[in-house]
Amino acid sequence: MGHLIKLEWLKMKNYTAFRVLSFLFVLTFPLLLIAGKRIQAPQQAQTFIDSFYSFPTVFEILGYVGNWLAFFFLGFMALLSVTNDYTNKTLRQNMLTGLSRKEFILSKLYFVAAVCGFVTLYYILIGSVFGFFNTPKIYLSDFTDSLAIFGKFYLMCFGYCVFGLLIGLIIKKTGLALFIYLAYTMFIEPGIRWGFHSRVINNSTMHYYPLNAIEDLIPNPLKDKADAFQGNFEGMTIFLSSTEAILVATIYIALFIFLLFFVINKRDL
Amino acid sequence: MYLFDSQLSLDQIRNTMPVLQINGITKKYGRITAVNDLHLTINKGEIFGLLGPNGSGKTTTLGIVLGLIKANSGSYNWFDGSSNNNQNTKIGTILETPNFYPYMTAIENLELIAHIKKAGRENIEPTLELVDLIHRKNSRFHTYSLGMKQRLALAGALIGNPEFLILDEPTNGLDPQGISEVREIIQKIAHSGTTILMASHILDEVEKVCSHVAIIKKGKLLATGEVGSILSDQIQVELISDNNGKLLDLLDNRYEISGLNKSGEKIVFNIDANFSSGELNKLAFENGITISHLLTKKTSLEQEFLEITKNK
């Protein structure tokens with residue numbers, strides 16, 4: 001495993017896109033939070049906003065910010081790591097050198113798994129720093145209660161990455177792959193869910209879509225209010241419950257991983 | 001004149017240790033058959049040329065035995081019969097264009113190859129010296145000229161001291177100096193006992209470098225054997241005399257004649273390389289035949305190659 005992670009690291013460490021994406025991610029993650037804190041708001045709203053930055057809410061807010069960043073930066077990174085090997089024909093060269101198809105996919109998976117690990121640690125670090133300075137009284141339970149959200153954050157990052165790898169592997173061409181990655185998540189899947197599924201079967205099954213499940217792992221922190229608002233109206237919630245999201249996302253991630261191996265084994269390279 | 005698999009040359013009998021066996025491989029792309037029931041055996045120590053015009057299925061064949069392309073039928077065995085996936089770590093390969101990470105330096109690219117092959121890094125610099133790129137070892141790949149890229153590909157193929165080298169058109173796109181440099185390097189490597197399989201559409205290259213050759217066209221094997229036996233030097237004779245028929249009979253008793261063609265009074269044929277025109281004159285004179293036109297020229301390998309590929 002270490003051998004394959006190092007292989008991917010040797011490829012990526014000098015790759016400009018990887019460096020830029022990492023730099024932007026490391027920078028924007030805390031900056032977005034700082035920017036939010038600097039918003040001048042009326043007194044009542046201010047107390048509400050301040051509560052975002054104290055334990056344990058800070059992990060929900062930061063997690064939601066991380067949700068967007070992971071969708072863009074981590075997903076892109078994973079996708080580019082595959083299309084990079086296609087456009088330079090180095091995937092073919094890797095095989096010629098003696099890497100097996102299976103090892104190629106494993107090296108990508110292990111590498112993104114490791115990156116997601118670092119990102120999650122970074123998330124915990126930033127959340128802890130903000131929480132530490134903004135929480136009047138800190139209890140150990142603030143962390144132990146948050147363990148579940150740490151796990152879900154990791155699963156979310158990994159989910160975006162695996163989806164990025166799959167789109168990159170199927171499409172091969174960088175520009176088109178990025179377009180489809182974005183278009184699927186932002187338009188196609190929501191379009192199918194709201195425009196088609198909900199009209200045919202209007203129940204919570206319309207939420208059982210891969211990217212929706214991954215996104216709902218760390219939902220908008222205001223979702224309870226949204227559910228309260230929307231829920232009574234349609235007779236169902238607009239977000240998956242935490243357990244549902246974990247279950248559905250895990251199943252789709254497993255399916256994506258299966259497809260990664262399936263596609264590469266079918267192909268002439 | 002065709003030596004097929006079943007007829008082994010002396011050299012092969014002495015040293016039959018197959019490194020690669022191809023058993024009836026067929027690959028179709030839609031209606032086009034790129035490789036058609038191909039059988040080949042390559043033994044240890046041979047420098048085997050796979051010769052054929054463009055589009056004859058050379059690269060597809062190499063792609064199949066390297067596990068990149070899936071054949072429709074047939075099989076292949078590497079080394080001692082095992083066809084496991086890691087065979088490529090024991091093989092050095094150049095297939096078509098050199099493929100490296102453009103944003104990485106020569107050293108970094110070779111380190112990556114060494115990493116995949118689980119080979120030591122100690123022979124990276126000597127290899128760069130062998131292909132004369134040591135002075136550019138820290139330049140990024142995308143700054144290289146085509147010749148340099150090709151030489152780096154050769155260096156990449158040599159990382160980890162492979163037992164077997166596969167070179168697909170190794171001098172493609174190089175200038176004359178580059179071509180001779182690359183050939184020199186290949187010959188140097190061959191002297192060290194490495195088995196080489198080289199695909200090429202350039203006859204001259206195969207003749208200069210290889211010990212064995214297989215000629216393929218439209219995916220079909222036309223001939224295989226030692227270079228000398230397949231691509232032998234022959235003499236082409238153009239002749240007009242007052243009794244062509246009798247003269248041919250006389251010649252046929254002494255020499256091997258092939259490729260006979262008549263155009264009007266003139267006959268054209270190929271004859272063994274030990275034939276001399278003096279002898280022909282003498283033979284004609286002794287039998288009372290008058291020769292009015294006689295022209296002999298050595299057939300080039302090029303012509304012979306064209307002939308082999310034309311008739312099938």
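Modeller: Buried area is the accessible area, found with a 1.4 Å probe, that two parts lose on being put together, summed over both. This is a predicted model, in which local features need pLDDT of at least 70 and side-chain atom pairs count only at pLDDT 80 or more, while totals for chains, interfaces and linings use all residues. Residues are numbered from 1 along each chain as its sequence is written, chains are lettered from A and ligands numbered from 1 in the order in which they are written, and side-chain values use heavy atoms, with hydrogens and water left out. Between chain B and chain A the buried area comes to about 2,700 Å², and carbon and sulfur atoms give 53% of it. Counted by contact (heavy atoms within 4.5 Å), 31 residues of chain B meet 27 residues of chain A. Two salt bridges are found across this interface, a salt bridge being a side-chain nitrogen of Lys or Arg within 4 Å of a carboxyl oxygen of Asp or Glu. One of them joins Arg92(A) to Glu96(B), whose closest N and O atoms are 3.0 Å apart. The side of chain B that touches chain A draws at least two residues from each of strand E1 (18-29), strand E5 (91-94) and helix H3 (106-117) of chain B, where helices (H or I, at least four residues) and strands (E, at least two) are DSSP runs numbered from the N terminus. H3(B) gives the most to that side of chain B, namely six residues.
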